[in-house]
Amino acid sequence: MKKTSVETAVGVFVLIGLISVAYLTIKLGKMDWFGDDYYTLDARFNSVSGLKAGAVVDMAGVEIGQVADIQLDNQRQVAIVNLKIKKGVILTDDVIASVKTSGLIGDKYIRLTPGGSDRILNTGDMIIETESALDIEELVSKYVFGDAEK
Amino acid sequence: MTQSYTITNMLAGLGRMAISPVQEFGRVAIFFFRGVIYLFSFPLQADKIIDQVYFIGTKSVFVICLTGAFTGMVLGLQGYYTLVKFGSEGLLGAAVALSLIREMGPVLAAIMIVARAGSAMAAEIGIMRISEQIDALETMDINPVRFLFSPRLGAALISFPFLTAIFDVVGIIGGYVTGSLLLGINSGLYFSRVESSVLMEDINGGFAKSFCFAAIVVTICCYQGYTTHLRKEGFGAKGVSLSTTSAVVLSCVMILVADYVLTSFLL
Amino acid sequence: MTVPLIEFNQVFKRFGDNAVLKGVDLSIYQGQVTAIIGKSGIGKSVLLKHIIGLLEPDQGEIRFQGQAINAMPAVARRAVKMKFSYMFQGTALFDSMTIYENVALPLKEKGQVPFREIQRRVRDKLAQLDLAGIEDKYPSQLSGGMKKRVAMARALVTDPEIVLFDEPTTGLDPIRKNTAHAMIAQYQKTFGFTGVMVSHEIPDVFYICQRIAMLDQGRIIFQGSPAEIQNSTEPAIRQFIRGQDPEATQAALSER
Ligand SMILES: Nc1ncnc2c1ncn2[C@@H]1O[C@H](COP(=O)(O)OP(=O)(O)O)[C@@H](O)[C@H]1O
Ligand SMILES: [Mg+2]
């Protein structure tokens, strides 16, 4: 009798704990338990300065995925960004990926601008057209000191 | 002659002072590893582990919710007044969630568990030691480390991450209470910031910390109780009280030290 | 003569400045109940704890069936230890467990005895010691004498080959004391176990023990049969078994 009540209490505790863990990992950590909610695409950028793994990928202001991973392509010395895109979002091969900033000094994210081609991108494909991060410092210095090179 | 004697004596004293903490650390480490081995040796002590989860986990839920709520609320308050200076109070959700998940949750939950369960463990095992109950176990061919320490270790490894998760979630809600309900940040913004800022790495880091703290806290508390009879400064009830005090103090210090070390590895 | 089951050979033990055992030689034979007598605080409990390995000698050795215990490999040592059972002077009952759990623990932890069998044996032992009906109480709810008897039940529940009793009857009323003594004697008859009993029950131990050893000033000053000790002419022994302290008696007499 006493034993079962202890076991029930422990069960309730473990349940509450599991709910909390699930909230943290699934809702906040965006852990995809089944792994097939997303497909992945790569994109090459000259610079992704400020972009972090986990940043939002959006299209027309709607979140459609996340940045899974950022690496350096050692041969071409450019950044390779691995994007997780929700299944069901159909992208074509002329989509443009650009690194944007929310607000003046806010987080960096990736904006996808749709194209008009009819070739659809699948897992592992590469987005060819990209625009790199806008470097505010560089912009300001260009504006202030003029463009020396051109 | 006497002078050189004094000097060698002092040097020997210094040497002892340097060696004894190292020796003590080694003994604690051996104690811990014995506990781990016996935890997984058959027959498994599931019913004892459940009893201890009840004691360490279930009975700590209330105090964890209470401290979690107020920690989240004060973070909301402090964060708001800091962020509002930069006009970015919209980031409050991120600030609250990240500080809770990365730091405050694991550390404060562990310290609360030390206060609630760790001290009790040290006292209980200490009393068993001075009243010869541990000797009695040995005469019955029951390994006292296996019987007393391993179930507590197992239960702590189960309970700490859950309690930390509960602390985090309640804390995030507490931040929402001050940030949105009292100070008027849009509640959708608060939660979307919470969701977008927290990464899986942060959560994994928080759990890694809570596992480490669990091992540290139980090992220190049980070891202090287990070695009560070896104390030079006090015997009997006095020895138990000293063990309990040093278990709590040492655990808290080691939590913060380990937190620094782990954070520097995880970042 | 046969090889003693347990043999102390020049055992020394000190705690800091307090030398308790100063060269103890003692033989304990299989199948006999040996009583260890001596003044309080003289080191009888310390001696008993050496037998089961709770304390290690500073010097000298303790042999089990002719083999030095501290030279045995761990496995053999454990096998020896399993034959023993120990009843503590301070009972050492687990105060956060019920009486039933206390007595059942040595059986339960081995994991080899089925649940029903444990239950039956625990109930039997408690009933024999006049303790039926207190299974669900906690040690702190019992009187000192009851705790002693629970400790005895716990020591005997595994039917051990060798039992070490540290003052098993101190604090019991005369009736319970006789029950306990009768139980030890009857046990010896049924199981032929070996007992070592620290006791102050001076006339009684002469009837239930086959061998008496007296510890004084860190040494065994006498070991032999009850008849021998009763006929001893050694003044220290004579005074002890008659309960006389020569100096105190002298002082009390001269004061008058
Ligand atoms: N663990 C210990 N540490 C220090 N001194 C001890 C310890 N155990 C016993 N002693 C000392 O050994 C002596 C003998 O104690 P004990 O064997 O309990 O006496 P008794 O013959 O009454 O059983 C006492 O002086 C006691 O203070
Ligand atoms: Mg004694």
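How much area do chain C and chain B bury between them, and what share of it is on carbon and sulfur atoms?

Reply: Chain C and chain B bury about 1600 Å² between them, and 57% of that is on carbon and sulfur atoms. Buried area here is the accessible area (1.4 Å probe) that two parts lose on being put together, summed over both. Some ground rules: this is a predicted model, where local features need pLDDT of at least 70 and side-chain atom pairs count only at pLDDT 80 or more, while totals for chains, interfaces and linings use all residues. Residues are numbered from 1 along each chain as its sequence is written, chains are lettered from A and ligands numbered from 1 in the order in which they are written, and side-chain values use heavy atoms, with hydrogens and water left out.

On the chain C side, 21 residues are in contact with 16 residues of chain B (contact means heavy atoms within 4.5 Å). Three salt bridges run between chain C and chain B, a salt bridge being a side-chain nitrogen of Lys or Arg within 4 Å of a carboxyl oxygen of Asp or Glu. One of them joins the side chains of B:Glu132 and C:Lys49, at 2.6 Å from N to O.

There are also five residue pairs in polar contact between chain C and chain B, both partners at pLDDT 80 or more. That term covers a pair of N or O atoms within 3.5 Å; within protein, one must be able to donate a hydrogen and the other to accept it, and residues adjacent in sequence count only if both atoms are side-chain atoms. As for where the touching side of chain C comes from, the elements giving two or more residues are α1, α2 (74-82), β6 and α3 of chain C. The largest share, three residues, is from α2(C). By class, that side of chain C has 12 nonpolar, two polar and seven charged residues (Ala, Val, Leu, Ile, Met, Phe, Trp, Tyr, Cys and Pro are nonpolar, Asp, Glu, Lys and Arg charged, the others, Gly among them, polar). Helices (H or I, at least four residues) and strands (E, at least two) are DSSP runs, numbered from the N terminus.

Two of those chain C elements turn up again around the metal. The magnesium ion (ligand 2) has C:Ser45 (OG) and C:Gln89 (OE1) as its protein donors, lying 2.0 to 2.1 Å from it. These two are 44 residues apart and link distant parts of the chain: C:Ser45 is in helix α1 (residues 44-52), and C:Gln89 is in the loop between β6 (84-87) and α3 (99-108) of chain C. Donors are N, O and S atoms within 2.8 Å of the metal (3.2 Å for Na, K and Ca), and water is not among the atoms, so sites may look incomplete. C:Gln89 counts as partly exposed because its relative accessibility is 35%; buried means under 20% relative accessible area, exposed over 50%, partly exposed in between (1.4 Å probe, protein chains only). C:Thr98 lies in the loop between β6 and α3 too, but at 10% relative accessibility C:Thr98 counts as buried. Leaving aside neighbours within four places in sequence, C:Thr98 is in contact with C:Glu135, C:Asp136, C:Lys137 and C:Tyr138.

Chain A itself has two helices and eight strands, with 31% of its 150 residues counted as buried.
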